[in-house]
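This briefing goes through the sheet, the helix packing, the nonpolar core and a hairpin. Please keep the sequence and the coordinates at hand while reading.

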Amino acid sequence: MKRLVITHAAELITCQGCAPKTGLAMSQLDIIEDGAVVIEDGIIERTGSTEQIVAALKGTEYVTLDAGGKCVLPGFIDSHNHFVFGGYRAEEFSWRLKGDSYMAIMERGGGIANTVRATRQASREELTELAKTRLDDMLAMGITTVEGKSGYGLDLDTEIKQLEVLNDLAGQHPVEVIPTFLGAHAVPSEYQGHSGEFIDFLIEKVLPVVAERNLAKFCDVFCEKGVFSVDESRKLLLAAQKLGLKSKLHADEIVQLGGSELAAEIGAVSADHLLHISDMGIAQMAEKNVVATLLPATAFSLREPYARGREMIDRGVPVALASDFNPGSCFTQSIPLIIALAALNMKMSPAEIITALTINAAAAIDSADRLGSIEAGKQADILILEYPSHLYLPYHIGMNIVETVVKKGKVVWTKKKGT
Ligand SMILES: N=CN[C@@H](CCC(=O)O)C(=O)O
Ligand SMILES: [Zn+2]
């Protein structure tokens with residue numbers, strides 16, 4: 001196959017690096033003006049100025065994709081997403097609009113349990129078709145890789161069914177899917193009042209199957225008051241680590257329980273939400289380089305205060321941004337909305353936001369060695385915007401300005417222009 005060469009990027013935003021960025025480094029995008037990228041077999045071969053690259057390739061055959069003076073950047077990575085589920089919870093949303101709280105609805109037997117019922121009933125094929133339409137929407141917003149969680153089964157068969165769907169999607173859709181086992185998402189009705197026994201069930205009966213069949217890269221847990229305690233979360237995540245699954249946590253979302261400190265203690269790859277993180281949690285996550293995956297669309301949808309992203313960056317925590325798309329607390333996969341909220345309500349700069357959606361998001365799925373930047377050796381997951389500079393991203397409030405999406409070196413999506 002001939003090389004593909006993207007030329008004339010007014011800004012070629014490389015986000016260079018193979019590790020999560022912290023502090024001031026989150027503001028350094030390593031931009032090449034009038035840049036070009038050479039791609040061979042889906043992998044980036046080299047980058048440079050268009051002039052340099054064209055001169056170096058003289059006499060060789062290649063296909064040109066002219067970015068025409070627009071901004072080129074790494075594909076967005078959504079590192080926290082629950083997109084495989086059955087049913088909807090629109091009525092619960094209407095209750096929340098009237099003042100009902102997310103946890104109160106859950107305590108009454110609604111919330112996650114509601115989606116569990118619908119997901120248990122849905123077939124593997126139905127879930128796969130639904131998931132593909134959701135991936136279509138993600139791709140159109142420039143998401144080239146998404147992490148996807150189970151957690152709407154809470155029994156052996158349905159947890160495995162969800163993970164099978166997440167794995168089946170590989171090869172069926174351009175968006176790459178990284179599966180996470182979230183069996184400890186809620187205590188199912190069969191175990192009501194016995195969360196410890198449910199954790200034991202997950203460890204003894206479900207985790208071994210997940211690991212044996214290599215169905216998930218991560219194990220996640222909803223570490224929250226009234227759901228799973230810090231001790232229960234530790235027990236599950238350490239058991240999963242022994243079987244080769246890396247750790248993620250839903251931590252300190254509704255109350256300050258200590259999930260962030262636990263993430264640092266056990267060497268989790270990321271701790272997510274963090275609306276109520278303690279100062280100690282921030283210090284420990286910075287020390288252990290745990291990625292803080294912040295989910296501003298969830299805070300917006302729950303009408304909760306935003307996570308202290310500015311402070312976390314200033315204190316050395318690597319910050320990523322993700323959608324948290326799910327049927328309950330946050331029904332959106334809108335990258336433009338996340339960008340707007342991070343810029344306007346979390347005091348993150350345009351450069352920090354891009355870092356948080358690319359190289360730091362790659363680190364949040366433990367893939368910064370192969371994804372998240374435009375540099376030699378990385379997978380060629382690349383976006384062309386409609387405008388010449390990354391500054392146009394937050395400037396367009398809630399508007400999608402992605403024009404072209406390249407996944408593994410192939411153009412997989414282009415914006416249809418109006419007539
Ligand atoms: N907080 C826990 N889990 C999801 C919500 C899941 C749901 O309500 O269906 C979250 O990350 O926001
Ligand atoms: Zn979540």
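Two residues are in contact if their C-beta atoms, placed from the backbone, lie within 7 Å. Axes are lines fitted to C-alpha atoms, for helices over the stretch in contact, and angles run from 0 to 180 degrees between N-to-C directions. Helices (H or I, at least four residues) and strands (E, at least two) are DSSP runs, numbered from the N terminus.

This is a predicted model, in which local features need pLDDT of at least 70 and side-chain atom pairs count only at pLDDT 80 or more, while totals for chains, interfaces and linings use all residues. Residues are numbered from 1 along each chain as its sequence is written, and chains are lettered from A and ligands numbered from 1 in the order in which they are written.

**Parallel sheet**
- Eight strands, in the order β5-β6-β7-β8-β9-β10-β11-β12, make up an open sheet with parallel pairing, where two strands pair if DSSP finds at least two bridges between them.
- At its edges lie β5 (76-78) and β12 (319-321), each of which pairs on one side only.
- Three bridges link β11 (residues 291-294) to β12 in the parallel sense, and Thr293 has Ala320 in β12 as its bridge partner.

**Helices on the sheet**
- Helix α6 (residues 156-168) lies across β6 (143-149) and β7 (176-184), and runs at about 170 degrees to β7.
- Helix α9 (residues 259-266) also packs on the sheet, where it touches β8 (218-223), β9 (246-251) and β10 (270-273), with its direction at about 170 degrees to that of β9.

**Helix pair α7 and α8**
- The axes of α7 (residues 195-212) and α8 (residues 230-242) come within 10 Å and cross at roughly 5 degrees, so the two helices are roughly parallel to each other (angles under 35 degrees count as such).
- Residues of α7 including Ile199, Leu202 and Ile203 meet residues of α8, among them Leu236 and Ala239.

**Nonpolar core**
- A nonpolar core is a set of buried Ala, Val, Leu, Ile, Met, Phe, Trp, Tyr and Cys residues joined through C-beta atoms within 7 Å; a residue is buried if 20 or more other C-beta atoms lie within 10 Å of its own.
- The largest such core has 137 residues, of which Ile6 and Val72 touch the most other members, and helix α13 (residues 335-345) gives the most to this core, with seven residues.

**Antiparallel strands**
- β14 (residues 402-407) has five of its six residues buried, and four bridges join β13 (residues 382-385) to β14 in an antiparallel arrangement.
- β14 and β15 form a hairpin with two residues between them, and Lys408 in the turn has a positive phi of about 50 degrees.

Note on methods:
Angles under 35 degrees count as roughly parallel, over 145 as roughly antiparallel, 65 to 115 as roughly perpendicular and the rest as oblique. A residue is buried if 20 or more other C-beta atoms lie within 10 Å of its own, exposed if 12 or fewer, and partly exposed in between; C-beta atoms are placed from the backbone.
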